[in-house]
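Here are a few exercises to work through with the structure open beside you. Try each one before you read its solution.

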Amino acid sequence: GRCRLLCKPSALAQHLVRSLGRSVALRGGHWPWPRPRWPWLQMLQWLLQPPELEPAVARELLQMPDTGLVALDWLVGPWGAAGGGGSSPVLLLIPNAAGKVMGGLLQLGLRALERGFIPVIFNRRGHNSCPLTTPWLQPFGDPRDLREAITYLRCRHPSAPLLAVSEGSGSGLLLAYLGESGSSSRLAAAACISPIFRGRDWFEAGMPWLYEWPLLLHLKQGLSRYARSLAEVVDMDKVLRSRSLRELEETLFCRTKPRPTSWETYWDRNEPLRDVDEAAVPVLCLCSADDPVRGAAARSLPMELFRTSPYFFLLLTPHGGHCGFPQRRPGRCWGHEAVLEYFRAMAEFLRAEERRKGLPRPR
């Protein structure tokens, strides 16, 4: 339905155009309402809808070098059986920066499970009931913990392709990781659903209250569990009185007691696209022109990146809201189908390239 794929011309781009063009998910007639031009309703559906089936989750805690913990939640489906085998692709799901695992992300995990993927959710320190064992939280674009988790997944599934998909503001973490890691990212491909490309501009512009207040309350609720231990490094009274996501972010990471820093310096280290020129993994960014959370497309989409980088592909749709992209069938998101089709097309292209060049498959 009037989607456009914006990218630098290449053999991979041509293959994606053909594959996505054949996809049933991208054909017209997806809208469950008479008019698709209601991004607020689409965003509300994304915020409130539960998954069709509640997946069973097996949690694994992973210890970082400084003894901090992150949590990996393996989706095993509502049937209690894990999907895929030893060589099945592992799909790492990265929630938004507030750590809120939305129903849409779980739905994507279930769709992937049905198609033979092994889906696993990455939870940052202190997020989604992950224990906080150090008085340190993960900044917006600091990929150190994500790097450790990906290294662990590669060791656990050495023969499986490793893929990653992020949702909303969680894309800042994935984009930062891809830029810092370059050709050593260990990922075969990545996708970002309604990504936030410019973190500082996004925080400073302010967000719709329908999106900001639920996430702000969710963050405060999680932080209040660790108020005593975090009080050693930040002013928890001020944190819990924050009236915006920007104020909370600045208090947590800039106005720390041991090493305070400026807002400008913080974003020099945490902007998602700070090292984007080093990225060496194909990345599909699924964006809607009417996204009320990201902001106006003219100022929030880095169009030059998609014109010049052979690794970044922008699938731009006129309507879809923020992480919404609804289909007529309740609980369905055509964006999920497009992302899974992209991963299938990427695997097909890489296999064809290996056969054409006579390259041995990596062990």
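**Exercise 1.** With which residue does Arg125 form a salt bridge? Keep in mind that the model is predicted.

*Solution.* Start at the side chain of Arg125: its salt-bridge partner is Asp145, and the closest N and O atoms are 2.6 Å apart. Arg125 sits in the loop between strand S5 (118-123) and helix H4 (144-156), while Asp145 belongs to helix H4, so the pair ties together parts that are 20 residues apart in sequence. Finally, check burial, which means under 20% relative accessible area. Arg125 counts as buried at 3% relative accessibility, and Asp145 counts as buried at 4%.

**Exercise 2.** Is Asp73 buried or exposed, and what is Arg59?

*Solution.* First find the contact: the side chains of Asp73 and Arg59 meet in a salt bridge (2.7 Å, N to O). Asp73 lies in strand S3 (residues 69-77) and Arg59 in strand S2 (residues 56-63), so this bridge ties together parts 14 residues apart in sequence. Now compare the values with the cut-off: Asp73 has 6% relative accessibility and counts as buried, whereas Arg59, at 37%, counts as partly exposed.

**Exercise 3.** Which element gives the most residues to the lining of the largest cavity?

*Solution.* Begin with the volume of the largest cavity, about 250 Å³. Of its 21 lining residues, the closest to the centre are Ala97, Ala98, His127, Leu219 and Glu249. Helix H6 (199-205), H7 and helix H10 (245-253) each give two or more residues to the lining. H10 gives the most, with five.

Notes:
Residues numbered from 1 in each chain as written. Predicted model: local features only at pLDDT ≥ 70, side-chain atom pairs only at ≥ 80, totals over all residues. Heavy atoms only, no water. 1 Å grid on protein atoms, 1.4 Å probe; cavity = no way out; pocket = protein on both sides within 12 Å on 5 of 7 lines; lining within 4 Å. Points joined across faces, edges and corners; volume = space filled by probe spheres on them. Helix = DSSP H or I, 4+ residues; strand = E, 2+ residues; numbered from the N terminus. Salt bridge = Lys/Arg side-chain N within 4 Å of Asp/Glu carboxyl O. Buried < 20%, exposed > 50% of the residue type's maximum accessible area, 1.4 Å probe, protein only.
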